[in-house]
Every structure is written in structure tokens, then in C-alpha cells.
Amino acid sequence: MDVLVCVKRVPAVGAEILLTADGLAVDTRHLGFTIGPHEECAVEEAVRIAERTGGSAGVLTVGAPETEEQLRYAMSMGADHAVRVDAAAADGDPEATAAAITGALRDLPPYDLVLFGAASADAGHAQVGLRVACALRRPVVGGVKGIDPGPGHVSLRREVGGGVEVHEAPLPAVVTVLEGLNLPRYPTIKGRLRAKKAPIRVLPAAPPAGGLRTRRLRHRPEARAETIVLGRGAEAAPAVVDVLADLGVVR
């Protein structure tokens, strides 16, 4: 089975996120970059499926040449080949991104399964995979945490409140996956060396303009802890009971 994973270059944040002076973008001057945890699980699953079925695992991204860093990381995890759809910048607009990926898929050899992360780690629109599936008129299942490929079809598991849904989709299909689908492997030294030398196919496609425009980014209000003295000694007991009742601890 041939599997393709679509990934996005996103900032690797471990501290406060700074914005540019105009408030229209994240200031990435002092940030590293990575792929999101959903997409990392998707790459791992693609490699496992390819190993199990004797197929191939590819990885694709839309963006400028610097996004090849993330493609090489995916190849160091075991992906066989990589494709970059050329774009001036990684567009945060899901409509434009989906259109670029759809155009690329029509130019590439057919894949049995195309995997996406359920949502990107930065914008979190959760739209690109669904838009691509609709444009290609392929079945799609989202929020998947289990994939079992079979002859001509794939069985997909989704966790729902108190149980599990199982969907069976004919191939070719599109799937969006969640973190927890598997435990991604660490790239080996051999894998990193192979990925460093591997060619990356570049498709010179200009993504069309999407429908979203960024007006302004802003930080969400900072959560602040507040200490309230309920009382002293026995006089505080009624207030404590009221708090416990509000929390549902007592009735």
C-alpha cells in the first residue's frame, strides 16, 4: 500500500509566543521549527503500513525551501520520498493550502491512502484534509486513532464518548489522525544520513488565493490565580461546604 502524509512546518514553541510589531504574524526569529504531534504520528503510521504491506511512504508539504527541513526529518523517521509544493510561504489559509495539495496529488502517482494530522499545531483549522478529500471525491474519516489496511479497503477506528466507532472505507481514501495513534520512533543516525542526501521533488505550483485574511493576532488573557480567605476557624466551615458543593464534591 502506498501512503502519503501531508505535513506543515510550524514553530516549536516552549515559551511565550511573541508577535510581530504589526500583530499579523508570529515572530519566529528566535524559534525552531517542527511538524505537529498529529502529523508525526501520521508519518509513523505511514512507515508502518508501508513496511507491513510492501508499499511506500511519502511525505508532502506546501511552502518555501526552508520547509524541506521538516521533509528530511520525516524521511529520517523512515519515509521513502518527499515532495515540496513550492510557495513563497506556508499559507495559514486552509482553502489555499488544500488547493495546492489537490493540484499536486493530480500530478503525482496515485496513492492508496493520504494522511493528514487532524489539525495543524499552529492555526488548528482542521480543514485541509477534509477539503482535499472533497476536491478529489474520495472517502474521508477524521479524528482516527487506529488504522488497519486490508485488500481494497481500510478499517478505521475513532474514539467517541464511552466507546469506539469503526469505519470501513474503500481505497483510495483520505484520513486525518490524532496524536496517540501510535508512538513515533526517534530518527536513527543512519536515517538522518540517508535523509540528508535524499532528493526532494519540487512541484512549481502557485497556490491560489484563499478566502481568509488575517486582521490581527492577539494573546489570550492571562489566567491569574486569586486567593480568597473564606474565614477563620469554625466560622469558615459553611463557606468551605458551599465551595465543595459548587465543585460537586458534596451535595
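Tutor: Let us begin with a term: a charge sits over a ring if NZ of Lys or CZ of Arg is within 6 Å of the ring centre and within 35 degrees of the ring normal.

Student: Which residue lies over the face of Phe-33?
Tutor: Arg-9 does, at 3.8 Å from the ring centre. Please note that this is a predicted model, in which local features need pLDDT of at least 70 and side-chain atom pairs count only at pLDDT 80 or more, while totals for chains, interfaces and linings use all residues. Residues are numbered from 1 along each chain as its sequence is written, and side-chain values use heavy atoms, with hydrogens and water left out.

Student: How many helices and strands are there in the protein chain?
Tutor: The protein chain has six helices and 12 strands. These are DSSP runs numbered from the N terminus: helices are H or I with at least four residues, and strands are E with at least two.

Student: What share of the residues is buried?
Tutor: Of the 251 residues in the protein chain, 39% are buried. Buried means under 20% relative accessible area, exposed means over 50%, and partly exposed lies in between, using a 1.4 Å probe and protein chains only.

Student: Which residues of helix H4 are buried?
Tutor: In H4, residues 128-136, they are Val-128, Gly-129, Val-132, Ala-133 and Leu-136. Seen down the helix axis, these fall within an arc of 130 degrees, so they line one face of H4. The arc is that of the directions from the helix axis to the C-beta atoms.

Student: What covers that face?
Tutor: The cover of the buried residues of H4 includes helix H3 (94-107) and strands E6 (113-117), E7 (140-144) and E11 (173-177). After H4 comes Arg-137, with a positive phi near 55 degrees.

Student: Changing topic, why is strand E8 described as largely enclosed?
Tutor: Four of the five residues of E8 (residues 146-150) are buried, so the rest of the structure largely encloses this strand.

Student: In which sense do E8 and E9 pair?
Tutor: They pair in the antiparallel sense over five bridges, E9 being residues 153-160. Two strands pair if DSSP finds at least two bridges between them. Pro-149 stands opposite Val-154 in E9. The hairpin of E8 and E9 has two residues between the strands, and Gly-152 there takes a positive phi near 80 degrees.

Student: Is Ser-76 buried or exposed?
Tutor: Ser-76 counts as buried, at 6% relative accessibility. This residue lies in helix H2. A polar atom of its side chain lies 2.5 Å from the backbone oxygen of Tyr-73.

Student: What else is Ser-76 in contact with?
Tutor: Leaving aside neighbours within four places in sequence, Ser-76 is in contact with Pro-187, Thr-188, Gly-191, Arg-192 and Ala-195. Contact means heavy atoms within 4.5 Å.

Student: And where does Asp-2 lie?
Tutor: Asp-2 lies in the segment before strand E1 (3-6). Its relative accessible area is 28%, so Asp-2 is partly exposed.

Student: With which side chain does the side chain of Asp-2 make a polar contact?
Tutor: The partner is the side chain of Ser-56, at 2.9 Å. A polar contact is a pair of N or O atoms within 3.5 Å; within protein, one must be able to donate a hydrogen and the other to accept it, and residues adjacent in sequence count only if both atoms are side-chain atoms.
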